[in-house]
Amino acid sequence: MQVRILRMECCGHAECVAIAPDVFALDTKRKATVLDPEAAPLEVLLEAAEACPCQAITIEDDEGIALFP
Ligand code: SF4
């Protein structure tokens with residue numbers, strides 16, 4: 001699984017961190033970073049991506065197929 005943060009889009013609301021704290025964290029600039037994309041099941045990753053108010057999270061499978069958006 002590949003989880004990416006579009007840093008220009010991330011506005012630091014941290015919904016992703018609240019939903020999947022083992023996957024996401026905020027850095028010192030209050031931008032999300034990915035700690036471990038395998039630390040939560042896909043359904044939780046999708047929940048976090050859908051909850052992001054800035055559409056800053058993308059998810060691809062290991063073959064590069066887009067799962068979100
Ligand atoms: S929910 Fe979206 S905007 Fe908020 S910290 Fe996570 S990636 Fe950034």
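Modeller: Let's start at the end of the chain, where P69 lies in the segment after β5. Please keep in mind that this is a predicted model.

Colleague: Happy to. What kind of peptide bond joins F68 and P69, and what is omega there?

Modeller: The bond between F68 and P69 is cis, with omega at about 0 degrees. That is worth a look, since most peptide bonds are trans.

Colleague: Now the overall picture. How many helices and strands are there in the protein, and what pattern do they follow?

Modeller: The protein has two helices and five strands. Along the sequence they come in the order β-α-β-β-α-β-β.

Colleague: How do you know whether the radius of gyration of the protein agrees with that of a compact globule?

Modeller: For 69 residues the globule rule gives a radius of gyration near 11 Å, and the protein has 11 Å, so the two agree. The C-alpha trace spans about 30 × 20 × 15 Å along its principal axes.

Colleague: And the contacts: what share of those between residues at least 6 apart in sequence join residues at least 24 apart?

Modeller: That share is 51%.

Colleague: Where is L45, and what does it touch?

Modeller: L45 sits in helix α2. Beyond residues up to four places away in sequence, L45 touches M1, V3, A20, V23, A40 and I59. L45 and Q2 are 43 residues apart in sequence, with 10 Å between their C-alpha atoms.

Colleague: Which residues of the largest nonpolar core touch the most other members?

Modeller: This core has 14 residues, and those touching the most other members are C16, A20, L45, A48 and I57. Helix α2 (residues 42-51) gives the most to this core, namely three residues. As for A20, its contacts beyond four places in sequence are A40, V44, L45 and A48.

Colleague: Which residues of α2 are buried, and how do you know on which side of α2 they lie?

Modeller: The buried residues of α2 are L45, A48 and A49. Around the axis they cover an arc of only 100 degrees, which means that they are on the same side of α2. In general, an α-helix has 3.6 residues a turn, so residues three or four places apart point the same way. Covering the buried residues of α2 are elements including β1 (2-5), α1 (15-19), β2 (24-26), β4 (57-60) and β5 (66-68).

Colleague: What makes phi of A14 and phi of Q55 stand out?

Modeller: Phi is near 70 degrees for A14 and near 50 degrees for Q55. Most residues other than glycine have a negative phi. A14 lies in the loop between β1 and α1, while Q55 is in the loop between α2 and β4.

Colleague: Why do A14 and Q55 count as partly exposed?

Modeller: A buried residue needs 20 or more neighbours and an exposed one has 12 or fewer. A14 has 16 C-beta neighbours inside 10 Å, so it counts as partly exposed. Q55 has 13, and therefore also counts as partly exposed.

Colleague: Last one: which residues come nearest the ligand, and what makes up the shell by class?

Modeller: Of the 14 residues around the ligand, the nearest are C10, H13, C16, A32 and C52. By class, the shell holds 11 nonpolar, two polar and one charged residues.

Methods
Residues numbered from 1 in each chain as written. Predicted model: local features only at pLDDT ≥ 70, side-chain atom pairs only at ≥ 80, totals over all residues. Near = placed C-beta within 6 Å. Nonpolar A, V, L, I, M, F, W, Y, C, P; charged D, E, K, R; others polar. Helix = DSSP H or I, 4+ residues; strand = E, 2+ residues; numbered from the N terminus. Rg over C-alpha atoms; globule rule 2.2 N^0.38 Å. Contact = placed C-beta atoms within 7 Å. Core = buried A, V, L, I, M, F, W, Y, C linked by C-beta atoms within 7 Å. Arc of directions from axis to C-beta.
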